[in-house]
Amino acid sequence: MAVDELVSPVERLAAPLNLPVFRAGLEAQLARHPYFRSIQVTGKDGAPRWVTTPVNLDDHIVVPRLTGDPDRAVEDYLASLSTLPMDHTRPPWEFHFLDVRTAEAAATVALRMHHALADGMALITLLISSARSAADPARPASAPPPPARRTGTIYAPPRAALLVRVWSYLLLAWHSLVDVASFVATFLFLSDPNTLFKRSAADHGEPRRRMRFVHRSFSLDDVKFIKNAMNYTVNDVLVGVTSAALSRHFFRKAGDTKTRGIVLRSILPVNTRPTNSLQTDVDMIESGKSTAVRWGNRLGYIILPFHLAMHDDPLEYIRKAKQVIVRKKNSLEVIIIHMAVEIIFKILGPKVRLLPFILYACMVFINIKLQKARSPTSQAGAYIFNSVLRNTTMTFSNLIGPPEQIELCGHPVAYIAPSVYGLQQALTVHIQSYCNTIKVILAVDEEQFPDPRQLLDDFTVSLNLTKDAAAKASPKLIRKE
């Protein structure tokens, strides 16, 4: 993975893009965030640090001319960004305005930004603090509700009997030991089986593999229907449907429905900020205290397995996902891995050549529908991080977005679709909620996935089958609808 691969948002519009209005909005927001007027330099001690620098907004705006089929042209252009370096003499972000009408909207705006500036949750914070309510532009955009109270042994109040509590803590310690040992083994030698999802070892060293970004919208109500029918969580359903889609795709492509016991492991980034941090950070930005917000990356990592199988009952995928998630919640893996990365960086630092530090890149897509235009990072050792990525199959991420429609720089946002490139993997699955929609976004290696929409079709079929099965299992919910 190259050091200079970056992040990006994209926005699709239903009316012609008003570039002067958007540019004025960007200029106003840039003045509020000194961190995004910074570049990374290396100090005399060899440590990287951020320093502010003058910004010419025109240097960060790109308006290409696209020809041919608009939808394909936009998709091809975004794919081309995954092969291009970014100029590190300027703050590492840029807006690409693609002013052509597609099937979904009248124009597209792509923001490409280095992941060193912000992780997914920080970018959602930045988006919400920069946006207004589409229903009432005089009102700031609403932040998503805080996540439900964290569950698991370490978060549970000590109400159980002493013997039960002792046993739960022993189990927590055992699960943590197993998970951390598995993470270390993955770094050293433990690798996933070679399947159609996993990048081959021969391709890992090839720089700038071109990635294609495709996405599809699903109803959040459908997901909640399954959640209520099974008395699970939205996250349980999304992980289960992903497992079902991967299984359907694998067995159809492989032509084998009898193989059992195939497990694909994903890297799941976990936000380590307090559960109420998003609203707190938005409030600080609104009060002019952007410099007090902890930007950059505040992530821990866990290895989340996906079990490939062909189940007669579609709900079995959700049940299996629930078991895996409950098991992971009863482990300190994310905390221990996060602390280990921080300790390695502080002790060994950038002078250690065995562990060169990198800033991995990502591309974020924000789709805007124009109804009427109105006027130092948390770094991981590359040697460790890349080894773990090479030995696992994919990266999986699930983010919660604004609960209402918002507008950014005078343009209503139709949907948000984050993604990433620059990883040592051929597949990344992002799931993003916004309003009453769930967006599934795939970043795929073009050579390995010549038709990624087939995998999106498998998500569609899997969700529909799961909903139908949930309806049969819970007829009372159908009557309520």
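1. Val178 sits in helix α4, residues 162–188. Helices (H or I, at least four residues) and strands (E, at least two) are DSSP runs, numbered from the N terminus.

2. A word on the basis of these values. This is a predicted model, in which local features need pLDDT of at least 70 and side-chain atom pairs count only at pLDDT 80 or more, while totals for chains, interfaces and linings use all residues. Residues are numbered from 1 along each chain as its sequence is written, and side-chain values use heavy atoms, with hydrogens and water left out.

3. Back to Val178, which belongs to a nonpolar surface patch of about 830 Å² together with Leu162, Val166, Trp167, Leu170, Leu171, Trp174 and Leu177. Patches are built from residues with over 30% relative accessible area and no salt bridge; like charges are joined within 9 Å, and nonpolar side chains (Val, Leu, Ile, Met, Phe, Trp, Tyr) within 5 Å.

4. For the overall picture, the protein chain has 12 helices and 18 strands. Of its 481 residues, 53% are buried. The chain exposes about 21300 Å², and carbon and sulfur atoms supply 58% of that area; accessible areas come from the Shrake-Rupley method with a 1.4 Å probe, and for residues only the protein chains shown count as cover.

5. Now to the salt bridges, of which there are 25, each being a side-chain nitrogen of Lys or Arg within 4 Å of a carboxyl oxygen of Asp or Glu. One of them pairs Asp192 with Arg265 at 2.6 Å, N to O. This pair links distant parts of the chain, 73 residues apart: Asp192 is in the loop between α4 and β8 (211–219), and Arg265 is in strand β9 (residues 262–271). Both Asp192 and Arg265 are buried.

6. Arg139 and Glu404 also form a salt bridge, at 3.0 Å, N to O. Arg139 is partly exposed at 32% relative accessibility, whereas Glu404 is buried, with a relative accessible area of 17%.

7. In the salt bridge between Asp457 and Arg216 the N to O distance is 2.8 Å. Asp457 is partly exposed at 36% relative accessibility, and Arg216 is partly exposed at 23%. Elsewhere, salt bridges that share partners join Arg72, Glu75, Asp76, Arg210, Arg212, Glu446 and Arg453 into one network.

8. On a 1 Å grid over the protein atoms alone, a cavity is a set of points where a 1.4 Å probe fits but cannot get out, and lining residues have an atom within 4 Å of a point. The lining includes Phe218, Val237, Ile431 and Phe459. Helix α6 (234–254), β18 (437–445) and α11 (453–473) each supply at least two lining residues, and α6 gives the most, with four. By class, the lining has 10 nonpolar residues, one polar and no charged.

9. Helix α6 also holds Ser243, which counts as buried at 8% relative accessibility. The C-alpha atoms of Ser243 and Pro305 are 9.2 Å apart, although 62 residues separate the two along the chain.

Terms used: On a 1 Å grid over the protein atoms alone, a cavity is a set of points where a 1.4 Å probe fits but cannot get out, and a pocket is an open set with protein on both sides within 12 Å along at least five of seven lines; lining residues have an atom within 4 Å of a point. Ala, Val, Leu, Ile, Met, Phe, Trp, Tyr, Cys and Pro count as nonpolar, Asp, Glu, Lys and Arg as charged, and the others, Gly among them, as polar. Buried means under 20% relative accessible area, exposed over 50%, partly exposed in between (1.4 Å probe, protein chains only).
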